Amino acid sequence: MKTPGEKPLDGKIALVTGGSRGIGRAIAVELAGAGAFTFVNYVRNKEAARETLRIMENRGGEGSLLSFDVSDSDAVQDAIRGITEEKGRIDILINNAGITLNGIFVRTKPEVWDSVMDINLKGVFNCCRSATRYMMKQRWGRIVNMTSVVALSGNAGQVCYSASKAGIIGLTKSLARELGPRNICVNAVAPGFIETDMTVSIDDAGRGKVIDQIPLGKTGTPDDVAVVVAFLVSGKADYITGQVIHVNGGLYM
Ligand code: NAP
């Protein structure tokens with residue numbers, strides 16, 4: 001039996017988009033472990049999302065699965081309304097869902113731009129727009145948006161992706177200014193090279209080239225990112241808003 005107030009996020013209700021795999025899974029496990037009831041969003045991969053929930057529950061956490069496409073405004077609105085109807089509130093929103101569609105710029109079709117922007121940037125807009133309605137009424141909320149090192153450094157072959165991630169930084173800072181008076185903190189986390197499905201296809205030569213540029217001499221893990229996110233939504237980060245926190249082994253300073 002859990003004693004109320006025992007863990008840092010006890011009583012909090014969290015939503016992690018793209019919680020079925022990689023960084024999102026690690027974040028969901030971390031938040032549930034800290035006591036938050038955590039909704040694990042996914043779009044296609046139900047079995048992977050179930051596995052996230054199993055890991056959360058095995059470690060004594062609580063949560064539930066929630067399937068929706070972050071780029072679909074109506075679906076996002078219904079899902080977040082559903083959370084508030086079931087739990088009475090939404091305290092923590094982690095906008096983690098994202099895709100990469102890499103390629104040489106001159107060969108990039110407008111449809112690629114649209115897909116990447118719809119999921120990576122409009123997805124964050126959709127979730128923030130729905131969740132902040134409730135957070136404003138509560139006068140408490142914590143939002144963390146997943147950007148990327150390439151938003152700041154740029155990367156050949158990732159024009160659409162890096163533009164979407166740079167957009168997230170502008171959104172984060174403007175929202176932090178607008179919602180600060182309502183006690184809603186909005187921050188971004190910018191991972192470097194993290195070992196997940198997103199980076200698994202990069203061959204050894206490509207991986208070696210990146211590692212050569214990382215002062216700490218290794219790639220990162222989803223847990224390296226998750227602990228920073230958990231800190232940002234905890235009471236220990238109450239005076240941090242509008243920031244971009246880098247988790248990249250020194251790849252970009
Ligand atoms: P990943 O392993 O490819 O997982 C992507 C997650 O996003 C999955 O849970 C996927 O759900 C979900 N997703 C994709 N499209 C969605 C949509 N339309 N609606 C809802 N969920 C959707 O990615 P990752 O490496 O963990 O990356 C997580 C975040 O960190 C992304 O925003 C990524 O851009 C960012 N990031 C990653 C790295 C890195 O090196 N890995 C570096 C910098 C930033 P399904 O399982 O259902 O498909």
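1. Let's start with a loop. Asn183 sits in the loop between helix 6 (159–179) and strand 6 (184–191); helices (H or I, at least four residues) and strands (E, at least two) are DSSP runs, numbered from the N terminus. Asn183 has a positive phi of about 65° although it is not a glycine. Most residues other than glycine have a negative phi. At 34% relative accessibility, Asn183 counts as partly exposed (buried means under 20% relative accessible area, exposed over 50%, partly exposed in between, with a 1.4 Å probe and protein chains only).

2. A word on what you're looking at. This is a predicted model, where local features need pLDDT of at least 70 and side-chain atom pairs count only at pLDDT 80 or more, while totals for chains, interfaces and linings use all residues. Residues are numbered from 1 along each chain as its sequence is written, and side-chain values use heavy atoms, with hydrogens and water left out.

3. Arg139 is another one to check. Its place is the loop between helix 4 and strand 5 (141–146), and Arg139 has a positive phi of about 55° without being a glycine. Arg139 is partly exposed, at a relative accessible area of 48%.

4. Now take a look at helix 3. Which residues of helix 3 are buried? They are Val76, Ala79, Ile80, Ile83 and Thr84. These cover an arc of only 135° around the axis, which puts them on the same side of helix 3; the arc is that of the directions from the helix axis to the C-beta atoms. An α-helix has 3.6 residues a turn, so residues three or four places apart point the same way. The face turned away from the buried side of helix 3 carries the exposed residues Asp74, Glu85 and Glu86.

5. What do the buried residues of helix 3 pack against? Their partners are strand 1 (13–16), strand 2 (37–42), strand 3 (62–67) and helix 4 (110–138). Over in helix 4 you'll find Ser130, which is buried at a relative accessible area of 5%. Ser130 touches Val76, Gln77 and Ile80, not counting residues up to four places away in sequence (contact means heavy atoms within 4.5 Å).

6. Have a look at the ends of helix 3 too. Asp72 caps the N-terminal end of helix 3, with a side-chain oxygen 3.2 Å from the backbone nitrogen of Asp74. Just after helix 3, Gly88 takes a positive phi of about 85°.

Definitions and conventions. Polar contact = N/O pair within 3.5 Å; in protein donor to acceptor, adjacent residues only side chain to side chain.
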